[in-house]
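This report goes through a protein chain, from confidence to sheets, core and ring contacts. Please keep the structure open while reading.

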Amino acid sequence: MAGHMDFINIFKHILKRMFLIGRIISKLLICSIFYFASLTSAVDAINLPVVEDAFHFNARLKNPDTLLLTWQISDRCYLYQHKFKLASLNPGVTLGSPLFPKGEIKQDVLFGEVEVYRHHVALEVPVQRAN
């Protein structure tokens, strides 16, 4: 019977330890939640504009064979050159490779060394029409 009581005491001791460890983990999780919530608040505090306000887009034909695409870019914002993707929604029109102006070289945390555009960028895009 003494061996049985020792086992129960050891089991109670283990449960107490697990309870204490659980409380410590719970407190760490709560601290982590507050930490990440404060980071989210810090990002919200930056108050970045919405896309429609940050980038004003315009498109027009420069001539029958060239499309001119322009963006007015708000302060604190920029466009990545490598993220431009252009496609025609008209099956009878094919877009050529855009002519990119020289941008600013930037060391980006996510993409490494990249070329970006600030304030304004204009792209000339060759257009081919099916006969």
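Two rings of Phe, Tyr or Trp count as an aromatic pair if their centres lie within 6.5 Å, and planes over 60 degrees apart make the pair edge-to-face. By that rule, a search of the whole structure finds 6 aromatic pairs. The structure is a predicted model, and two of its pairs are described below.

## Confidence

The protein chain has an average pLDDT of 74, and 63% of the residues score at least 70. Among its elements, helix α1 (residues 2-46) has the lowest mean pLDDT, 48, while strand β6 (residues 112-117) has the highest, 92. Where pLDDT is low, the predicted coordinates should not be read in detail.

Strand β2 (residues 66-73) and strand β7 (residues 120-129) run antiparallel and are joined by 7 bridges. Q72 stands opposite H120 in β7.

The other open sheet has 3 strands in the order β3-β6-β5, and the pairing is again antiparallel. Here β3 and β5 stand at the edges with a single partner strand each, so one side of each is left without a neighbour in the sheet. Between β3 and β6 there are 2 bridges, in the antiparallel sense.

In soluble globular proteins, nonpolar side chains tend to be buried together. The largest nonpolar core in this model has 11 residues: A54, L69, W71, I73, C77, L79, F84, Y117, V121, L123 and V125. Strands β2 and β7 each supply at least two residues of this core.

L79 is one of the core residues and lies in strand β3, where it stands opposite Y117 in β6. Is L79 buried or exposed? Its relative accessibility is 16%, so L79 counts as buried. Not counting residues up to four places away in sequence, L79 touches F55, W71, I73, F84, E115, V116, Y117 and V121. L79 and G103 are 24 residues apart in sequence, with their C-alpha atoms 9.7 Å apart in space.

## Aromatic contacts

A pair of aromatic rings is described by the distance of the centres and the angle of the planes. For W71 and F84 these values are 5.0 Å and 75°, which is an edge-to-face pair. The pair links distant parts of the chain, with W71 in strand β2 and F84 in the loop between β3 (79-80) and β4, 13 residues apart. W71 has a relative accessible area of 13% and is therefore buried. F84, at 16% relative accessibility, also counts as buried.

Y80 and F111 form another edge-to-face pair, at 5.0 Å centre to centre and with 80° between the planes. Y80 lies in strand β3 and F111 in the loop between β5 (104-108) and β6, so this pair ties together parts that are 31 residues apart in sequence. Y80 counts as buried at 19% relative accessibility, whereas F111 is partly exposed, with a relative accessible area of 37%.

Which residues form one aromatic cluster? They are F57, W71, F84, F100 and Y117. Leaving aside neighbours within four places in sequence, W71 is in contact with F55, H56, F57, L79, F84, H119, H120, V121 and L123.

## Residues with positive phi

Most residues other than glycine have a negative phi. R76 has a positive phi of about 70° although it is not a glycine. This residue sits in the loop between β2 and β3. Its relative accessibility is 54%, so R76 counts as exposed.

H119 is not a glycine either, and has a positive phi of about 70°. Its place is in the loop between β6 and β7. At 48% relative accessibility, H119 counts as partly exposed. H119 is also among the contacts of W71.

Notes:
Residues numbered from 1 in each chain as written. Heavy atoms only, no water. pLDDT = per-residue confidence, 0-100. Helix = DSSP H or I, 4+ residues; strand = E, 2+ residues; numbered from the N terminus. Pairing = 2+ DSSP bridges. Core = buried A, V, L, I, M, F, W, Y, C linked by side-chain atoms within 4.5 Å. Buried < 20%, exposed > 50% of the residue type's maximum accessible area, 1.4 Å probe, protein only. Contact = heavy atoms within 4.5 Å. Phe/Tyr/Trp six-rings, centres within 6.5 Å; stacked < 30°, edge-to-face > 60°.
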